[in-house]
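Please examine the sequence and the three-dimensional structure shown here.

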Amino acid sequence: MTTTSSATRPFRAADLGTLVVLAWSGEAPGGDMPYLLAYSLGDGESGPQGSAAAVEALLRANGLHPGDQLVDGTQRPGLPVTLLAEAGQAVVTMPYLNAQCSVPPQWLAALRARGHAYLLFATRPWPEAAPGRPVEPERLAAFAGAEETLTTAAHVLVPALSLRG
């Protein structure tokens with residue numbers, strides 16, 4: 001007789017692989033929207049499929065469910081996802097994760113105007129967009145706008161925090 005363990009494997013950040021965050025702003029109803037795209041390169045210990053599973057587990061552990069439903073963090077003060085933007089940097093923090101990226105001035109202006117950013121946290125790996133390599137707007141739009149990306153990602157409006165009072 002064989003049995004299946006019902007124990008959940010503990011979360012291991014190394015399973016995520018290299019995590020990348022990109023920032024851009026774009027037209028949206030009500031003015032420019034600051035966007036953040038978080039994704040793995042798929043280079044975790046278990047390869048692209050393991051990285052995708054680890055990202056999904058991370059999101060679910062933080063109350064985010066991949067799909068096409070938007071979580072409005074501006075209305076959920078207990079949401080364990082925070083965004084700090086200062087000195088040309090955006091830092092996204094949640095349990096088990098702290099990721100940062102450089103942001104352009106127009107992104108910061110859009111963030112100041114709105115008070116939040118739209119975080120698209122993809123479970124789908126994107127190995128072609130590695131840190132230190134420029135990403136053409138067309139490639140970014142193709143990945144971030146792909147149905148496969150959108151329907152398997154977490155969509156979150158994250159309120160901005162500031163070091164200034």
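The points that follow describe confidence, strands, a helix, cores and salt bridges.

This is a predicted model, in which local features need a pLDDT of at least 70 and side-chain atom pairs count only at pLDDT 80 or more, while totals for chains, interfaces and linings use all residues. Residues are numbered from 1 along each chain as its sequence is written, and side-chain values use heavy atoms, with hydrogens and water left out.

**Confidence**

- The chain has a mean pLDDT of 90, and 92% of its residues reach 70 or more; pLDDT is the predictor's confidence in each residue, from 0 to 100.
- A contact means heavy atoms within 4.5 Å.

**Strands and hairpins**

- Helices (H or I, at least four residues) and strands (E, at least two) are DSSP runs, numbered from the N terminus. Two strands pair if DSSP finds at least two bridges between them.
- Strand β4 (residues 82–86) runs antiparallel to strand β5 (residues 89–94), and 5 bridges join them. Glutamate 86 has glutamine 89 in β5 as its bridge partner.
- The hairpin of β4 and β5 has 2 residues between the strands, and alanine 87 there takes a positive phi near 50 degrees.
- On pairing with strand β8 (residues 154–161), β4 runs parallel, with 2 bridges. Here leucine 83 stands opposite alanine 160 in β8.
- β5 also pairs with β6, in the antiparallel sense and over 6 bridges; valine 91 stands opposite glutamine 100 in β6.
- The hairpin of β5 and β6 likewise has 2 residues between its strands, and tyrosine 96 in the turn has a positive phi of about 80 degrees.
- In a regular strand the side chains alternate between the two faces of the sheet. The covered face of β6 holds Leu97, Ala99 and Cys101, whereas the uncovered one holds Asn98, Gln100 and Ser102.

**Helix α1**

- Helix α1 (residues 47–61) has 15 residues, which at 1.5 Å a residue should span 21 Å; its end C-alpha atoms are 21 Å apart, so the two values agree. The expected span is 1.5 Å times one less than the number of residues.
- Buried residues of α1 include Gly47, Ala54, Val55 and Leu58. Buried means under 20% relative accessible area, exposed over 50%, and partly exposed in between (1.4 Å probe, protein chains only).
- The buried residues of α1 pack against β2 (33–40), β5, β6 (97–102), β7 (116–121) and β8.
- After α1 comes glycine 63, with a positive phi near 75 degrees.

**Nonpolar cores**

- In soluble globular proteins, nonpolar side chains tend to be buried together. A nonpolar core is a set of buried Ala, Val, Leu, Ile, Met, Phe, Trp, Tyr and Cys residues joined through side-chain atoms within 4.5 Å.
- The largest nonpolar core has 32 residues, and those with the most contacts inside it are Leu36, Leu64, Leu83, Trp107, Leu119 and Phe121. To this core α1 gives the most, with 4 residues.
- Another core, apart from the largest one, has 13 residues, among them Val20, Leu37, Ala129 and Leu140.
- Leaving aside neighbours within four places in sequence, the contacts of leucine 83 include Leu36, Val92, Trp107 and Val158.
- Valine 92 lies in strand β5 and is buried, with a relative accessible area of 6%. Its C-alpha atom is separated by 9.0 Å from that of valine 158, 66 residues apart along the chain.

**Salt bridges**

- Side chains of opposite charge can pair when their charged atoms come close. A salt bridge is a side-chain nitrogen of Lys or Arg within 4 Å of a carboxyl oxygen of Asp or Glu, and the whole structure has 3 of them.
- Glutamate 56 and arginine 60 form one, their closest N and O atoms being 3.0 Å apart. They are separated by about one helical turn because they are 4 residues apart in helix α1.
- Glutamate 56 counts as partly exposed at 31% relative accessibility, as does arginine 60 at 39%.
- Glutamate 148 and arginine 124 form another, with closest N and O atoms 3.8 Å apart. This pair links distant parts of the chain, 24 residues apart: glutamate 148 is in helix α4 (residues 147–150), and arginine 124 is in the loop between β7 and α3 (137–144).
- Arginine 139 and glutamate 136 also meet in a salt bridge (3.2 Å, N to O).
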